[in-house]
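Please work through each task with the structure at hand before reading its solution.

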Amino acid sequence: MHLGLIGYGNIANSLIALLDKTAVTKVTVLVRDTSKVSDRNRNSDPEMGPPIGFVSDVSAMIAARPDLVVECAGHSAVATHVPALLQTGVDVIIASVGALADAGLSAEIERAAQHGRSRTILPSGAIGGLDFLRAVALAGDVDVTYRGTKPPAAWQGSAAEDVINLDQLHNAQVFFTGSGRKAALAFPKNANVVAALALAGAGFDRMKVELVADPDAIGNQHSYEVTSDICRYNMTIEATGSAGNARTSVTTVMSLLHEIRSYQMPS
Ligand SMILES: NC(=O)c1ccc[n+]([C@@H]2O[C@H](COP(=O)([O-])OP(=O)(O)OC[C@H]3O[C@@H](n4cnc5c(N)ncnc54)[C@H](O)[C@@H]3O)[C@@H](O)[C@H]2O)c1
């Protein structure tokens, strides 16, 4: 399989290190600037894994003819690159699911996939239980309340800084309460789990979200409560942040790896 990756940060590098060398024979990475990529990154030793090529625009990625592309760059990269790939028939796994909170972009992606007879794959990412939530939602309205708790450092560079002083926090503090849509749009780098839950069950506008900075939090904690006519349940995941990016849980990398493997070997 020839795998395409959009972005060459924490997730992309972690995935490359975990790829099955016999199943993935070539990797093409879309980066912003190929001049910043060294020969060492290109992986010319087959013992170390598949050869890695770098391109800097989506037309070059399309011309490279990948079998599957994984977007792992961020919300703006979904808007810039994903529709063109889908339109030309390339299937795409979207890690930045939160981008789909933008109704216009979501419709554009759906149209592009229809036109190209391709599909988007939405991974569960850092959250779990989406299969069960989708099933419960078939029985009617479902209320989902999500609470995302991370250490202050993991919220740095986000809109949380406009509300609280992350450097001076001694106790856990809720800094955002609102709908799933508001959360996904205001915290694009942290709210992908919100989008995954919204798309699986309550929808962006009905779902409730609380975001918390907690100096005692060791990793990233995702918990949610589901109430419907047929059941009630709650779920909590305590996940370790990636070495390369504290905001991204290692579970997200594993979820993407699982989707790549399922694509190669559909059950
Ligand atoms: N679904 C989930 O649960 C979940 C969880 C964590 C992260 N994510 C998503 O995955 C994304 C990547 O995570 P990460 O930990 O690898 O982040 P990262 O910041 O380590 O890496 C992202 C890389 O993408 C590059 N990039 C950004 N825009 C680009 C563009 N238009 N074209 C090419 N490259 C571009 C950046 O320069 C950076 O190198 C996050 O932004 C987030 O949206 C999803």
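**Exercise 1.** Characterise the packing of helix α1 against helix α10.

*Solution.* Step 1: in this predicted model, helix α1 (residues 10-18) and helix α10 (residues 250-264) pack with their axes 10 Å apart, at an angle of about 55°. Step 2: angles under 35 degrees count as roughly parallel and those from 65 to 115 as roughly perpendicular, so α1 is oblique to α10. Step 3: the crossing of the two helices, α1 and α10, is right-handed. Step 4: α1 contributes Ile 11, Ser 14, Leu 15 and Leu 18 to the contact, while α10 contributes Thr 252, Val 253, Met 254, Leu 256, Leu 257, Ile 260 and Arg 261.

**Exercise 2.** Describe the contact of helix α6 with helix α9.

*Solution.* Step 1: the axes of α6 (residues 130-137) and α9 (residues 192-200) cross at roughly 35° and come within 8 Å. Step 2: on the α6 side, Leu 130, Leu 133, Arg 134 and Ala 137 meet Ala 196, Leu 197 and Ala 200 of α9. Step 3: the residues of the contact of α6 with α9 divide into six nonpolar, no polar and one charged.

**Exercise 3.** Are His 81 and Ser 158 buried or exposed, and which residues do His 81 and Ser 158 touch?

*Solution.* Step 1: His 81 belongs to helix α4 (residues 75-87). Its relative accessible area is 16%, and the cut-off for burial is under 20%, so His 81 is buried. Step 2: apart from neighbours within four places in sequence, His 81 is in contact with Ile 6, Leu 30 and Val 58. Step 3: Ser 158 is found in the loop between α7 (152-155) and β8 (173-179). Because its relative accessibility is 13%, Ser 158 also counts as buried. Step 4: Ser 158 touches Phe 187 and Asn 190, residues up to four places away in sequence not being counted.

**Exercise 4.** Which residues does UniProt list for "domain: Aspartate dehydrogenase", and what is the secondary structure content over residues 171-256?

*Solution.* Step 1: the unreviewed UniProt entry lists residues 171-256 under that name. Step 2: over residues 171-256 the chain is 27% helix and 35% strand. Step 3: the end C-alpha atoms of this stretch are 33 Å apart.

Conventions: Residues numbered from 1 in each chain as written. Predicted model: local features only at pLDDT ≥ 70, side-chain atom pairs only at ≥ 80, totals over all residues. Heavy atoms only, no water. UniProt positions renumbered as here; feature names shortened; annotations may be inferred. Helix = DSSP H or I, 4+ residues; strand = E, 2+ residues; numbered from the N terminus. Axes fitted to C-alpha atoms, helices over the stretch in contact; angles between N-to-C directions. Parallel < 35°, antiparallel > 145°, perpendicular 65-115°, else oblique. Left-handed = near helix turned anticlockwise from the far one by under 90°. Contact = heavy atoms within 4.5 Å. Buried < 20%, exposed > 50% of the residue type's maximum accessible area, 1.4 Å probe, protein only. Nonpolar A, V, L, I, M, F, W, Y, C, P; charged D, E, K, R; others polar.
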